Structure formats: structure tokens, C-alpha cells
Amino acid sequence: MEKLQSGLVIEFYSNSCLVRTVNEDIKCLAIKNIVVGDIVNLELVQDSKETRGIIISKEPRTSFLQKREGIKSKAVAANISHVGILVTPEPSTSSEFIDKWLVTASSSNIVPFIINNKTDLDQSPDYKQKLQIYKDLDIKIINLSAKNNTNTEELKEYLRAKCVVFVGNSGAGKSTLTTKLTGKHIKTNMLSNNQGVHTTSISTLYELDNQTKIIDSPGVRDLPISGLSSNEIIRGFAEIYLSSKDCKFSDCNHVVNEGCKVLSKLLDGEINESRYNNFIKFRDGDVDG
Ligand SMILES: Nc1nc2c(ncn2[C@@H]2O[C@H](COP(=O)(O)OP(=O)(O)OP(=O)(O)O)[C@@H](O)[C@H]2O)c(=O)[nH]1
Ligand SMILES: [Mg+2]
Ligand SMILES: [Zn+2]
């Protein structure tokens with residue numbers, strides 16, 4: 001008997017995935033261009049042992065993160081509403097890392113916010129100043145300690161019914177935070193294939209009881225900024241983009257041109273120096289991250 005169902009891709013393996021439907025989680029052969037977070041339509045096939053799904057189509061995505069290489073691009077996760085950028089004093093998060101994710105989020109139709117993690121550690125004046133840059137840009141900042149589970153309630157409330165990915169340097173606390181939020185030890189997810197051998201999931205989507213979804217995908221963590229157009233980059237620096245509209249020349253390069261509003265605001269201190277420097281670095285391709 002064949003049945004049609006729709007569901008959410010919650011785990012992704014090298015050549016199969018797990019789809020959560022209203023009734024059950026169903027193993028499916030992964031078809032090309034499906035990623036964790038996708039809503040898909042399935043045809044159910046019952047064999048002697050189990051129910052399996054065949055993915056027939058996917059619903060349009062509200063957003064997606066993609067890896068771009070030259071003219072090629074490959075989605076790594078879909079239907080994300082928020083990206084939580086973990087910022088920590090130790091290991092020290094660079095402003096470049098933060099700006100890279102602000103640009104990536106803006107070019108992907110995703111709301112970025114900052115999670116100031118490890119509030120139990122000392123914060124240097126430099127560190128506080130770095131955060132202040134983003135406060136001044138009206139970027140939401142949630143202060144917490146994942147390890148001590150301090151103030152994670154505010155984050156939970158903020159993420160109610162949202163779909164989030166956490167990004168941060170190695171050691172910033174992504175796994176610790178995900179464990180605290182899901183309330184379970186995050187272990188490597190396993191799916192047995194039909195030979196009885198276990199395979200490790202590449203990406204996972206966790207669902208919390210307040211309808212929050214957390215996507216954990218190594219593909220997301222490694223996204224480089226290269227591949228974005230200079231237009232996408234400047235739009236990711238909202239305050240610079242806004243000022244650039246008042247430059248004297250429409251093709252102003254914001255470096256040496258006469259009548260450049262971006263430069264005059266930089267000199268006034270209205271545009272932050274590290275933001276400006278990162279903008280030029282990203283735009284001119286002088287970055288490997
Ligand atoms: N002091 C302090 N340490 C924390 C906090 N959150 C996480 N840590 C510690 O930071 C270290 C790294 O945390 P992880 O959660 O493994 O970091 P991660 O971002 O998942 O790192 P990768 O998986 O390598 O990318 C662990 O020793 C945690 O205990 C915190 O709020 N305060
Ligand atoms: Mg981790
Ligand atoms: Zn200019």
C-alpha cells in the first residue's frame with residue numbers, strides 16, 4: 001500500500017536521511033539537493049521489515065545556508081530563521097568571525113544575534129568594547145554561561161518556535177549549549193543501514209518542547225565568506241551600506257574617492273574602525289575564513 005506523507009528532514013547521512021512525520025521517523029534514501037531542515041513529501045513503502053520513504057519533492061525553503069565555490073553552490077541546511085553567533089573571551093572571538101556571520105546571515109535571509117557565552121569568566125575592557133560595537137548596531141545580545149546554565153532561559157524564550165544554528169570557534173561552547181538546551185547528552189547519532197552496520201549522521205536537527213529547532217551541521221560551521229558578491233558583502237555591513245548611498249560617486253570604492261560618506265563617517269567615529277577594516281578585507285577578498 002502506498003501512502004503520501006510530508007515531514008521534516010531531521011538527520012542526514014551520506015546517502016540517506018531520517019524524516020520526521022506526524023506519526024513516526026522514517027528512513028529515506030536521500031535525494032539530491034535535500035538537506036537537514038527541509039520539508040519534504042514522501043511516498044511510504046512497506047517491505048517485510050520496515051516502512052521506508054521515497055522523497056518525491058521538497059517544499060520551497062524560507063532560507064538556506066549554502067557553500068559557494070566559484071559558480072557552484074551547495075545548500076548545507078534549510079529553513080533556518082536565526083543564527084546564534086557565540087562570542088567568548090576564551091578562546092577569543094575575532095571581530096572578523098562575528099562580521100563574517102553577520103554578512104552570511106544577511107545574504108541568506110537569516111536573523112543573526114550574538115550569544116555572549118562564558119559570562120562566568122572575566123571580561124577584559126577590550127572584550128566589552130567589542131560587544132559594544134554590536135550593541136550599538138542594535139544586534140540582539142544574550143549574555144549567558146552555557147556551562148553553568150545561567151540565563152539560558154532568556155535564550156530559550158527568544159528562540160521559541162524558531163530554527164537556529166549556533167556558530168562559534170572551536171571551544172566556544174556550541175555543544176555545551178546544545179546539550180543544556182536539549183537536556184540530553186549529545187551523542188553521535190547512529191542509523192543502522194540494512195546490513196546492520198551503523199553509520200554516523202552528518203547533520204542533525206534537534207527539536208525542543210517549545211517548538212525550537214536547533215540544527216547542528218559541520219557544513220554550516222565551515223562556511224567560508226568567499227563566493228559572496230561585493231554587493232552582498234556591503235549589504236551585510238548595514239551601517240556602511242546606508243552611508244554609501246550618500247557617497248558623491250555611485251561607483252565610490254570607499255577607500256580613496258573624493259566625497260566618500262563612508263570615509264567621512266569613519267573619521268567622525270560614527271563608523272567603527274574594525275567594522276570598516278573587515279568590510280574592506282571581505283570585499284577585496286583578503287580573507288581566508
Ligand atoms: N567557563 C566556561 N566554560 C565553558 C562554558 N561553556 C562551555 N565551556 C567549556 O568550553 C569548552 C568547549 O566547549 P564545547 O561545547 O565543546 O565547544 P564547541 O563550540 O562545541 O567546540 P567544537 O566542537 O570544537 O567546535 C568545554 O571545556 C566547556 O566545558 C561557559 O559558559 N563557561
Ligand atoms: Mg562541539
Ligand atoms: Zn564611498
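This is a short walk through one chain and the ligands it holds, starting with the overall layout.

Okay, some housekeeping. What we have is a predicted model, where local features need pLDDT of at least 70 and side-chain atom pairs count only at pLDDT 80 or more, while totals for chains, interfaces and linings use all residues. Residues are numbered from 1 along each chain as its sequence is written, chains are lettered from A and ligands numbered from 1 in the order in which they are written, and side-chain values use heavy atoms, with hydrogens and water left out.

So, the big picture. The C-alpha trace spans about 75 × 45 × 30 Å along its principal axes. Secondary structure comes to nine helices and 15 strands; those are DSSP runs numbered from the N terminus, H or I with at least four residues for helices, E with at least two for strands. Of the 289 residues in the chain, 45% are buried. Buried here means under 20% relative accessible area, exposed is over 50%, and partly exposed is in between, with a 1.4 Å probe and protein chains only.

Let's go to ligand 1. Which residues come nearest to ligand 1? Among the 15 residues around it, those are Asp120, Ser170, Lys174, Ser175 and Thr176, where being around it takes a heavy atom within 4 Å. By class, that shell has three nonpolar, eight polar and four charged residues. For the classes, Ala, Val, Leu, Ile, Met, Phe, Trp, Tyr, Cys and Pro count as nonpolar, Asp, Glu, Lys and Arg as charged, and the others, Gly among them, as polar.

Now the individual contacts. A polar side-chain atom of Thr176 sits 2.5 Å from an oxygen atom of ligand 1. From the backbone, an N or O atom of Gly171 is 2.9 Å from a ligand oxygen, and for Gly173 the corresponding distance is 3.0 Å. On its own, ligand 1 has 650 Å² of accessible area, and the protein covers 70% of that; the areas come from the Shrake-Rupley method with a 1.4 Å probe.

Next, the metal. What coordinates the zinc ion, ligand 3? The answer is Cys247 (SG), Cys252 (SG), His254 (ND1) and Cys260 (SG), at 2.1 to 2.4 Å. Donors are N, O and S atoms within 2.8 Å of the metal (3.2 Å for Na, K and Ca), and since water is not among the atoms, sites may look incomplete. Angles among the four donor atoms run from 105 to 116°, and the site is tetrahedral, a label that asks four donors to have all angles between 85 and 135 degrees. Along the chain, the spacing reads C-x4-C-x1-H-x5-C. Cys247 and Cys260 are 13 residues apart, both in the loop between helix H7 (238–244) and helix H8 (261–268), and both are buried.

Glu90 and Pro91 are joined by a cis peptide bond, omega about -5°, and Pro91 is in the loop between strand S8 (82–87) and H1. Asp138 has a positive phi, near 65°, without being a glycine; this residue lies in the loop between helix H2 (125–136) and strand S10 (141–143). Is Asp138 buried or exposed? Exposed, because its relative accessibility is 73%. Gln211 also has a positive phi, near 70°, and its loop runs between strands S14 (203–207) and S15 (213–216).

Terms used
A polar contact is a pair of N or O atoms within 3.5 Å; within protein, one must be able to donate a hydrogen and the other to accept it, and residues adjacent in sequence count only if both atoms are side-chain atoms. Four donors count as tetrahedral if all angles lie between 85 and 135 degrees; four count as square planar and six as octahedral if opposite donors are over 155 degrees apart and all others between 65 and 115; anything else is irregular.
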